[in-house]
Amino acid sequence: MADAATLAVYARAARDYAQGTPLAPEPDYSPDIAAFLAPLPPRARLLDLGCGPGTWAAHFAQMGHEVSACDPCPEMAALTRARTGIAVMEMGAEELEARAAYDGIWANFSLLHLPRPALPEALRRIHRALRPKGMLHLGMKLGHDAGRDALGRYVTYYSEADLTDLTQAAGFTALRSRRGNRHDRPGAADTFVIVTAHG
């Protein structure tokens, strides 16, 4: 995610998070966490891809997993390091070079900031970074267009059929999907889909 305006939004958000926003995952994610972790070993090696303020990285570490994280926003990466002590790389999915390094990769609403042509390569890099049968959690917003949201972030929307085709082309097998709604921009609720897949 190299879009300067989007990175600026997250840099400002990092300052807000630093004021004391708790590291508490949303309870609605419990089935997604269970589906993601169920096939993995008790102490899995996980990557929180696009970690933001470190909520998920901290949660998985508290569960006893070996967690790394990455985020293309330097301010978010620094915040997560300071709050969690977890190693955080300053990069996005398009820069992921690891090979067979992780049991699971958690990409929760981070890949949606990539331009549409960049997503297939990002998914291939994620697949390459996973060990055989490694797990992918992918959160994306549903729709058909792309552009700036009310916060100024660049967002690309996908249909469920698009995501099925793209993940399959990258080598994944989808195990489940779930729709929901989230309010993370003023005056609107976006419909999202969570896809759980294995490599």
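Helices α2 and α3 pack with their axes 13 Å apart and at an angle of about 60 degrees. With that angle, α2 is oblique to α3, a class left over once angles under 35 degrees are taken as roughly parallel, over 145 as roughly antiparallel and 65 to 115 as roughly perpendicular. Here the axes are lines fitted to C-alpha atoms, for helices over the stretch in contact, with angles from 0 to 180 degrees between N-to-C directions. The model is a predicted one, in which local features need pLDDT of at least 70 and side-chain atom pairs count only at pLDDT 80 or more, while totals for chains, interfaces and linings use all residues. Residues are numbered from 1 along each chain as its sequence is written, and side-chain values use heavy atoms, leaving out hydrogens and water.

The crossing of α2 past α3 is right-handed, that is, the near helix is turned clockwise from the far one by less than a right angle. Ile33, Phe36 and Leu37 of α2 meet Trp56, His59 and Phe60 of α3 (contact: heavy atoms within 4.5 Å). Helices (H or I, at least four residues) and strands (E, at least two) are DSSP runs, numbered from the N terminus. Helix α3 also holds Thr55, which is buried at a relative accessible area of 14% (buried: under 20%, with a 1.4 Å probe and protein chains only). Thr55 lies 8.3 Å from Thr80, C-alpha to C-alpha, although 25 residues separate the two in sequence.

Beyond its neighbours within four places in sequence, Leu49 is in contact with residues including Cys70, Ile105, Trp106, Leu111 and Ile126.

What of the cysteines? The count of disulfides is zero, taking a disulfide as a pair of cysteine sulfur atoms within 2.5 Å. For Cys51, the nearest cysteine sulfur belongs to Cys70, 6.7 Å away; Cys51 is buried, with a relative accessible area of 5%. For Cys73, the nearest is that of Cys51, at 9.4 Å, and Cys73 is likewise buried, at 1%.

Key. Buried means under 20% relative accessible area, exposed over 50%, partly exposed in between (1.4 Å probe, protein chains only).
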